[in-house]
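Hi,

Here is the structure I said I'd pass on.

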Amino acid sequence: MTAHVLPHRDSPASPPRLAIALSGGLDSMVLLDALAHWVQKRRETGPSGEAVEPMPQPLAIHIHHGLSEHADEWLAVCEREARLRGFAFEARHVSVPSDARQGIEGAARAARYDALASTCLTHDVGWLLTAHHANDQAETVLLQMLRGAGLPGVAAMALEGALPVVGRSADRVRLLRPLLDVSRETMRAYAKARSLTWVEDPSNEDRHYLRNALRHDVMPAIASHVPAYRETLARFARHAAQAQTLLDQLAQLDFEMARVPNVGDEERLQRTRLQGLDAARLANLLRYWTARRGLATPPEARLDEWVRQIRDAQAEASLELPHGEAVLRLYRDELQWTAIYEMADPDDVVSDVVLRWAGEREWHLPQWKGSIVFTPVSEDEETSGSIGEQVLRASALVAKARVGGERWREHAQGHSRSLKHWYQSRGVAAWLRNVPIVWQAGAIVFVPRLGVDGAAQREEGGTRWVMAWRDEA
């Protein structure tokens, strides 16, 4: 604990706030009691006997899943035991869908960590502690092997790491498992010696769940033949984690080799630069890139199909490879992750939206999953492509869906051409073209991803404004 959660002695930083995931079971109650003892010692003296700055009040977080008839009783026990030890306490209720694709266990785990991350961010927690122990580690390794997980799965749980949350920015909260080398038997002996109170979840005896079956039926049989099985599986998990680290480093090198420069914050990979990678190495890169984007690891069959399509695609081919809430796309020899954009349906009728502009900085257009942003141009900035304030105020702006045949010009003296021509010449992909066209008094004023029409750029004095489209898909 001291080595992981406290600032270095030469650091001016204050001790971070700690939180514990408190279920009420034996494991988490042991951690609660041990953490309370550690915090009290830190408040009394430092590691060398010197007085130290008081630790912030730790927080106990209980997640109420609502899956058991005893859930309210467990919450009450957790709150009582936490407050008796001087902890702040917060309970979060979560809803677990019974028909979730990952099963009720997986859905409950995802909901639990999402709620834990949210609570930690709300209370400015630096470290979240969980009571995973050596038996959990061994069970997890074996469970992942039986499920056919790759190295990230069989590497199991690290002593320290990031919260396993998809789609939430919880990077400033670290996860710590301080009991990972402690056996369940040792924890039970500690609990009895300290006369601790805990709750028993009847579902832990249900062999219908594979983890419970391993715990009650398989692990005792293994222990009778290999008493040191926990240490052996933990060593295997460490080796798997080391191997995965090396694979990630290789993927990082391949990623930087293929990365398209000068595209801002976007991440694009040049497909032709990946052609020299064999199938296994390309799969490793795609797996790494998926994780880098905060997406779930793709199943092996899906990953193999991605590799096949990317390697076999013709030079000018376009690909759409959906995955969760994102799409991996190949367009003009560049791979990129995008949101799921809906293509315009010619049979859909999208109502016009009218704005009498009066200085607004944003015009929200949820029908098209985006907004038009108005930014004033300062006196020392280039004004090309901008529009005068008098023009904006002259009459109402109308956002309309594309119907085909619209024409746009880049400059006042330029030739007008079809939007299809401009989109193709500027490399605007087809999935990005379902956007509104802004009209004013029967003339086009602004086209997203192209800019202000040349005819609307006329000089009329006063402040000038830049119009830009912001995706919110």
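Start with Ile-372: leaving aside its neighbours within four places in sequence, it is in contact with Arg-361, Glu-362, Trp-363, Leu-365, Val-438, Phe-446, Met-467, Ala-468 and Trp-469. Bear in mind that this is a predicted model.

Ile-372 also turns up in the largest nonpolar core, which has 35 residues. Along with Trp-363, Phe-374, Ile-387 and Met-467, Ile-372 is among those with the most contacts inside that core. Which strand gives the most to this core? That's E19 (residues 443-447), with four residues. Another core lies apart from this one; it has 32 residues, including Leu-6, Ala-82, Phe-89 and Leu-129.

Now the sheet. Four strands make up an open sheet, in the order E12-E13-E21-E14, with antiparallel pairing. E12 (362-365) and E14 (387-388) are the edge strands, so to speak the ends of the row, and each pairs on one side only. E13 (residues 370-376) and E21 (residues 464-471) pair over seven bridges, in the antiparallel sense. If you want one to click on, Thr-375 has Val-466 in E21 as its bridge partner.

Then there's a helix pair. H9 (residues 229-258) packs against H11 (residues 279-292) at an angle of about 90°, and their axes are 9 Å apart. That makes H9 roughly perpendicular to H11. The residues of this contact split into seven nonpolar, two polar and four charged. On the H9 side they include Leu-247, Asp-248 and Phe-255, and these meet a set in H11 that includes Arg-281, Tyr-288 and Trp-289.

Cheers

Methods:
Residues numbered from 1 in each chain as written. Predicted model: local features only at pLDDT ≥ 70, side-chain atom pairs only at ≥ 80, totals over all residues. Heavy atoms only, no water. Axes fitted to C-alpha atoms, helices over the stretch in contact; angles between N-to-C directions. Helix = DSSP H or I, 4+ residues; strand = E, 2+ residues; numbered from the N terminus. Parallel < 35°, antiparallel > 145°, perpendicular 65-115°, else oblique. Contact = heavy atoms within 4.5 Å. Nonpolar A, V, L, I, M, F, W, Y, C, P; charged D, E, K, R; others polar. Core = buried A, V, L, I, M, F, W, Y, C linked by side-chain atoms within 4.5 Å. Buried < 20%, exposed > 50% of the residue type's maximum accessible area, 1.4 Å probe, protein only. Pairing = 2+ DSSP bridges.
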